[in-house]
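I opened this notebook to record what I looked up in one structure. The entries follow the order in which I consulted it.

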Amino acid sequence: MSLLRSISTVGGYTLLSRVTGFVRDILIARYLGAGTLSDAFFVAFRFPNLFRQMFAEGAFTAAFVPIFAGVSETEGREAAHRFAEQAYTVLALILVVLVAGMEVVMPWAMYVLAPGFESIAGKMELTTELSRLAFPYLFFISLTALQAGVLNSMGRFAVAAAAPILLNLTQIVALLGFADLGETPGHVLAWSVSLAGVLQFLWLYVHCRRAGMPIHFTRPRLSPKVRQLGRRVLPVVFGSGLYQVNLLVGTVLASMVSDGALSYLYYADRLTQLPLGVVGVAVGTVLLPLLSRQIKAGNEEAARWNQNRALEFALLLTLPAAAALIAIAHPIITVLFERGAFTASDSHATSQAMIAFAAGLPAYVLIKVFSPAFYARDDTATPVKVAAASMLANIALNLSLIWTLGYLGIAIGAALSSWMNALLLGVILHRRGKLNLDQRMISRLPRMVLATAAMVGVLLVLAARFDGPLADGQLLRSLTLAGIVVAGAATYGLAVFLFRAARIADFRGMGRR
């Protein structure tokens with residue numbers, strides 16, 4: 001496969017997903033605001049996502065893709081197909097039990113996830129009701145994730161990358177067309193989450209079939225490969241669980257800070273997720289099957305080269321993204337969200353949280369780049385140990401910072417612990433001889449920093465110069481912000497080539513198979 005073309009495919013569809021996600025979040029801010037109803041929905045939405053990332057996309061993908069790619073490489077397509085169907089069936093059985101069980105214990109689970117909601121009359125009951133409506137999403141999206149792993153291993157990245165767009169479009173249609181028909185707009189949104197899971201499942205099923213790899217349920221059988229998958233999944237589930245514990249601790253603490261704190265963190269995190277999804281997730285998604293195939297074929301040199309180029313490409317886009325989110329945080333939040341029930345004080349609080357999250361953005365992306373190097377070599381234990389250390393650091397930071405900084409302490413703790421995670425992964429890979437920065441990477445990094453600094457200077461000057469229009473009517477401030485962003489991007493692009501942080505020939509080389 002072409003590294004650049006594959007990353008661009010995943011990143012492009014992820015960008016479209018994030019754009020439609022922003023439209024959805026703007027509508028959520030308009031209809032739900034930043035208070036009791038929005039807090040309840042965000043917890044209800046986060047709950048199935050917590051389990052999805054633990055048991056499906058995170059753990060299952062990290063363990064499934066290297067095995068599937070290895071079987072395909074060494075035993076052929078038919079053997080890989082049989083393994084996929086066996087894993088699919090076992091996963092479905094586990095999910096049925098999990099979803100049914102959680103629907104029963106949901107009221108008690110809410111006291112663990114958001115105990116602070118009990119202090120506000122009716123908030124805990126509302127959150128429980130919305131969570132029960134949204135939780136079936138877990139069943140369908142988990143099976144969707146396995147089908148996505150099959151297609152990604154075959155080098156077909158576009159279909160899986162486009163699937164999240166269906167979730168956003170379903171929620172947009174739900175708010176615009178049916179918000180007034182439910183008990184609250186939050187109830188309508190919760191129903192739309194489960195519906196979107198069905199649509200995403202069908203979307204991937206159809207395209208697996210078209211690719212000649214239809215995934216059907218079969219007689220449950222714990223074959224040697226399925227047992228191997230189980231052994232590798234468990235450490236990754238534990239590692240994903242540690243990450244989710246981080247989120248859970250943040251959610252619990254935020255629920256105790258103030259009404260709306262959860263919403264501030266949600267909106268800020270959503271914006272930070274844009275470059276993380278477009279760059280970090282895209283690079284990680286493409287690297288895992290690519291490195292798995294090359295390492296299984298004994299081509300370590302190609303694996304190292306691709307890792308260096310992926311790291312270079314990721315930092316080239318991530319450094320300016322993080323700097324821009326920090327430099328013009330308040331105008332971005334104001335233009336995107338400040339309307340309807342979302343007030344000026346909400347904009348200020350959310351922009352402060354976004355600055356903290358953005359400071360950790362390069363670390364989040366580095367984790368996505370480094371992790372496939374472990375998983376492709378069948379090492380699922382090391383990232384778990386690093387995640388455990390980072391989780392403990394995050395909890396300690398949250399508990400120490402929240403009393404003086406409030407909800408901001410949660411965002412700062414997340415950023416600092418992510419840097420710890422990324423640096424530990426990088427150091428371990430380097431000591432094992434699996435991460436050796438080549439001369440090209442070493443010479444380019446300081447030039448990227450210089451280009452980023454030039455862009456930040458332009459952004460700060462323009463934001464100060466057009467402070468008035470940025471506070472004017474919705475159309476004028478939107479156009480002003482767009483102009484500032486375009487000017488910043490143009491400055492960075494020009495500086496990159498002036499400082500020789502990248503060359504056209506580099507992209508041509510990455511574009512070749």
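**Entry 1: a pair in helix α11**

I began with Arg304, which counts as partly exposed at 24% relative accessibility; buried means under 20% relative accessible area, exposed over 50%, and partly exposed in between, with a 1.4 Å probe and protein chains only. I noted that this is a predicted model, in which local features need pLDDT of at least 70 and side-chain atom pairs count only at pLDDT 80 or more, while totals for chains, interfaces and linings use all residues. Residues are numbered from 1 along each chain as its sequence is written, and side-chain values use heavy atoms, with hydrogens and water left out.

I then asked which side chain meets that of Arg304 in a salt bridge. It is Glu301, at 3.0 Å from N to O; a salt bridge is a side-chain nitrogen of Lys or Arg within 4 Å of a carboxyl oxygen of Asp or Glu. Both residues lie in helix α11, 3 residues apart, about one turn of the helix. Helices are DSSP runs (H or I, at least four residues), numbered from the N terminus. Glu301 is exposed, with a relative accessible area of 52%.

Side chains of opposite charge can pair when their charged atoms come close.

In one of these bridges, Glu312 meets Arg309 at 3.0 Å, N to O. The two are separated by about one helical turn, because they stand 3 residues apart in helix α11. I found both Glu312 and Arg309 buried.

Arg309 also meets the side chain of Asp438 in a salt bridge of 2.8 Å, N to O. This pair links distant parts of the chain, 129 residues apart: Asp438 is in the loop between α16 (407-431) and α17, and Arg309 is in helix α11. Asp438 is partly exposed, with a relative accessible area of 21%, whereas Arg309 is buried at 1%. I recorded that salt bridges with shared partners join Arg309, Glu312, Asp438, Arg440 and Arg444 into one network.

**Entry 2: the largest pocket**

How much space lies in the largest pocket? I read about 820 Å³. A pocket is an open set of points on a 1 Å grid over the protein atoms alone, where a 1.4 Å probe fits, with protein on both sides within 12 Å along at least five of seven lines; lining residues have an atom within 4 Å of a point. Of the 27 lining residues, the closest to the centre of the pocket are Leu274, Ala321, Ala324, Leu325 and Val485.

The lining divides into 24 nonpolar, 3 polar and no charged residues. Helices that each supply at least two lining residues are α1 (3-32), α10 (261-296), α11 (300-327), α12 (329-337), α17 (439-465) and α19.

**Entry 3: around the end of α19**

I turned to Leu494, found in helix α19 (residues 474-498). Leu494 is exposed, with a relative accessible area of 54%. With Leu450, Leu498 and Phe499, Leu494 makes a nonpolar surface patch of about 410 Å². Such a patch joins nonpolar side chains within 5 Å, from residues with over 30% relative accessible area and no salt bridge.

Lastly, I noted Arg500, in the loop between α19 and α20 (504-511). Arg500 has a positive phi of about 60° although it is not a glycine. Arg500 is partly exposed, with a relative accessible area of 46%.

Key
Patch = residues over 30% accessible without salt bridge, like charges linked within 9 Å, V, L, I, M, F, W, Y side chains within 5 Å. Areas by Shrake-Rupley, 256 points an atom, 1.4 Å probe, with all protein chains shown as cover. Points joined across faces, edges and corners; volume = space filled by probe spheres on them. Nonpolar A, V, L, I, M, F, W, Y, C, P; charged D, E, K, R; others polar.
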